Amino acid sequence: MPPPIFKLPPPRPQTNVMLSRVAHSLYWMSRYIERAENIARLLEVNLQFILDFRGYDDVHLREHWGSLLASSGDVALFEKHYESANSQSVTEFFAFDLRNQDSILSCVFTARENARMIRDQISVEMWETINELYLFLKTKNTADVWAAGPYEFFQDIKRNSHLFQGLTDATYSRSEGWEFIQFGKFVERAHKTAQILDVKYHILLPNAGDVGGAVDTAQWQAVLRSGSALEAYRRFYVNEILPWKVAEFLIFSDSFPRSVQFCVTQIDEFLRRILGETGNRPKSAAARASKRMLANLQSLTIDDVLKEGLHEFLVEVGGSLEKIADDVVRTTMFYQAESTQEEQQLQQQQ
Amino acid sequence: MSLLSNPYDVGDFFDEMYATGGEVRPHYKSLVDRLGTLPLPEFDRRRAAIDLAFLRRGVTFTVYNDSEGTERIFPFDLIPRIIPAKEWEVLEKGLIQRITALNLFLHDLYHEQKIIKDKVVPAQQILTAKHFRREFMNFNVPHDIYVHICGTDLIRDRDGNYLVLEDNLRCPSGVSYMLENRAAMRRAFPNLFQSYGVRPVEGYSEVLLKSLLHIAPDRSDKPNVVLLTPGVYNSAYFEHCFLARQMGIPIVEGRDLLVQDMRVYMRTTSGLLPVDVIYRRIDDDFLDPAVFRPDSMLGVPGLVAAYRAGNVALANSIGTGVADDKVIYAFIPKVIKYYLDQEPILQNVATYLASETSDRKFILENMANLVVKSANEAGGYGMLIGPASTKAEVEEFRAMVAANPRNFIAQDPVNLSRSPTWCGDRLEGRHIDLRPYVLCGKKTVVTPGGLTRVALRKGSLVVNSSQGGGSKDTWVLAEDK
């Protein structure tokens with residue numbers, strides 16, 4: 001007897017419809033994955049840095065972790081839940097603590113919840129990667145990470161984030177959804193690069209006399225590594241690592257894909273596509289703001305920035321980015337508050 | 001040592017694989033030959049691979065009362081349930097007969113109510129049914145189809161007769177597990193399917209989409225179909241996504257939709273887009289806060305008005321729950337006879353109504369030997385299995401039945417058939433049921449297969465996933481050898 005033939009359904013024309021809520025979820029999914037990766041990198045490099053400088057005394061250590069917490073704006077939250085800032089407590093706080101909305105686990109959980117809401121929209125490969133990353137994190141805790149050496153752990157997180165972004169590139173249609181994914185990714189990346197630089201600003205401030213010393217060079221190297229930029233920087237400048245050159249590279253490089261200017265160029269491009277801005281003169285506030293921001297980045301020099309104050313400049317960059325992102329979200333997304341969990345669960349599924 | 005080294009005792013039950021003497025039934029023979037040569041470690045390896053795949057793919061249901069919303073996989077048993085072609089032929093006819101009668105019944109209930117006037121079904125029972133929607137009297141649904149998607153629960157008694165346990169006519173779920181189970185089995189035993197002649201179930205989503213397109217209002221030659229979900233926290237959210245994805249239609253929440261001038265639209269990034277058909281997975285009560293529960297955040301204000309105006313179609317229609325009420329269930333054999341003038345092909349389980357004086361007396365006196373069910377619950381809740389319950393539990397139900405008779409029925413306990421199931425270290429018999437899925441569009445189609453649920457706990461008769469149940473792939477054979 002011949003086996004029954006299993007026929008695939010005929011292809012249907014794909015409709016180009018994107019629900020606002022779906023766009024919103026794509027945007028946040030993408031942002032949170034990028035955020036998790038950046039936090040992993042920041043944390044890893046700083047842990048590594050401490051290991052490299054075992055001679056650090058308690059004061060230096062506190063300063064070191066203090067500046068990391070300060071740059072992410074988490075000092076108050078941290079102090080509420082932990083007695084002192086050391087490698088273990090900071091790892092716990094930034095990697096696993098669900099009370100910290102920006103811990104790696106929180107970010108991956110949020111990314112996954114967003115992905116789960118729109119599972120029908122993203123590719124199976126994208127979903128499986130996020131899901132596996134989440135399941136992987138759920139099985140780990142700070143003690144495990146320290147027992148096995150943190151390197152592998154952070155490597156896994158970064159690799160999964162890259163895998164996710166690569167799979168998105170290889171399996172997701174170039175549609176409006178793609179624009180939201182990219183927009184979210186570059187907003188987050190620009191913001192995090194600014195923040196990574198800002199950590200160094202906090203390190204610098206208390207002891208201006210150390211500038212140029214061995215520790216300082218190592219710290220600037222750490223900054224570059226936090227931004228995955230060390231090798232790119234070396235290829236570009238070849239020579240020694242100079243603080244203002246590092247700042248210049250991370251802010252103004254127009255070829256390095258994590259520099260602020262590179263990201264803002266992408267933001268401007270995807271934002272104009274999302275908002276349907278075709279003309280030379282922007283119609284929306286968001287497009288005007290991003291054009292202005294891009295123009296600033298293209299015309300300023302590192303000297304201008306240092307004169308104005310690096311910290312002030314970076315804070316302004318962060319603020320503008322969030323404002324632009326909020327504007328885009330508001331103009332494209334309009335729907336009501338979510339129903340409650342209880343009400344959703346009440347629905348009998350027979 | 002293989003899976004089948006030690007056949008278990010079939011006991012006083014109908015066993016799907018072993019006949020009474022212990023010999024293997026003919027339609028299981030090739031499976032037994034195959035499994036008999038499969039070494040245990042290899043079987044274990046495939047089992048673990050399937051579990052892992054389910055977890056990775058997120059084929060899960062949500063367990064409530066957990067802040068992170070723990071998701072579990074629905075336990076899957078690798079030994080398939082096999083149905084011979086001849087048997088299925090009868091089942092298919094019976095299911096089509098039943099759904100045809102149910103749709104006629106619903107039409108009549110919401111129009112002339114001839115069946116009440118002819119005293120086949122008492123008016124009192126209909127009027128007191130929780131899901132009877134008098135608001136929809138004299139409303140004409142597209143093509144007179146009330147139930148487009150039906151999941152009928154079937155069980156087998158001690159002699160192997162198939163009986164209808166209940167009709168699910170509102171939002172039957174579980175079909176995604178039928179499809180995912182098959183996909184898992186194809187990966188685990190690719191060669192078995194080729195040689196066995198198992199009928200494919202994969203056509204389900206295609207037929208579902210056709211049934212949905214069938215009811216689209218005429219105005220559009222390219223209708224927009226959406227699936228309306230309560231949201232990501234609903235236990236069946238995986239299924240909603242799965243089906244939407246299979247059909248290539250958007251999955252929407254109530255807040256994604258709005259009604260203007262009695263037309264339904266979805267909010268997209270480029271504005272409002274009209275919606276023609278809604279496959280809703282939300283209860284009637286929550287569909288439209290302007291008509292039903294005013295506090296519902298899940299629904300869409302104005303949706304019912306748009307439906308009444310014929311501008312949007314709903315599947316299933318509103319008010320279908322009156323026909324799957326467990327009290328009304330008792331009348332379905334008469335309903336079939338009344339509308340079709342045929343004898344029912346599939347029998348009911350003997351049922352007693354607490355609302356009828358003589359039945360009530362019988363129920364109250366014999367409660368310890370009966371299964372008592374609340375009329376409108378699902379998921380194995382609100383149910384008493386007399387023979388397996390303590391005195392206190394029986395007393396509790398006795399009081400509930402006496403206080404609110406309309407809400408309860410009782411049935412003779414049926415010793416569900418058993419199927420060989422892997423229980424940690426060997427095969428044992430475990431009780432199973434079967435939920436085939438029936439779709440009503442231009443044609444009525446029964447997908448050859450269904451969801452076989454299995455009560456994994458020894459001796460248990462409750463197959464629901466919330467109560468320790470698992471599932472199996474269901475093979476309908478194309479031809480009997």
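Is B:Asp261 buried or exposed? B:Asp261 is exposed, with 10 other C-beta atoms within 10 Å. The cut-off for exposed is 12 or fewer. This is a predicted model.

**Contact between the chains**
- Chain B gives 48 residues to the contact, and chain A gives 38 residues.
- On chain B, two helices and two strands each supply two or more residues to the side that touches chain A. The helices are H2 (40–57) and H9 (237–247). The strands are S7 (251–252) and S9 (263–268).
- That side of chain B divides into 22 nonpolar, 13 polar and 13 charged residues.

**A four-stranded sheet in chain B**
- Four strands of chain B form an open sheet in the order S14-S17-S15-S16. The pairing is antiparallel.
- Strand S14 (351–353) and strand S16 (383–385) of chain B are the edge strands. Each of them pairs on one side only.
- From one strand to the next, the twist averages 20 degrees.
- Strand S15 (residues 371–374) and strand S17 (residues 408–411) of chain B are joined by four bridges, in the antiparallel sense.
- B:Lys373 has B:Ile409 in S17(B) as its bridge partner.
- Helix H15 (residues 391–403) of chain B packs on this sheet. Helix H15 touches S15, S16 and S17 of chain B. The direction of helix H15 makes about 135 degrees with that of S16(B).

**The loop between S8 and S9 of chain B**
- B:Asp261 sits in the loop between strand S8 (257–260) and S9 of chain B. B:Met262 lies in the loop between S8 and S9 as well.
- Phi of B:Asp261 is near 50 degrees. That is a positive value in a residue other than glycine.
- Phi of B:Met262 is near 60 degrees, also positive in a residue other than glycine.
- Why does B:Met262 count as partly exposed? Because B:Met262 has 16 C-beta neighbours inside 10 Å. Partly exposed covers the range between 12 or fewer (exposed) and 20 or more (buried).
- Strand S9 (263–268) of chain B is also among the elements that give two or more residues to the side touching chain A.

**A cis peptide bond in chain B**
- The peptide bond from B:Ala315 to B:Asn316 is cis. Its omega is near -10 degrees.
- B:Asn316 belongs to the loop between strand S12 (313–315) and helix H12 (326–329) of chain B.

Methods:
Residues numbered from 1 in each chain as written. Chains lettered and ligands numbered in written order. Predicted model: local features only at pLDDT ≥ 70, side-chain atom pairs only at ≥ 80, totals over all residues. Contact = placed C-beta atoms within 7 Å. Nonpolar A, V, L, I, M, F, W, Y, C, P; charged D, E, K, R; others polar. Pairing = 2+ DSSP bridges. Axes fitted to C-alpha atoms, helices over the stretch in contact; angles between N-to-C directions.
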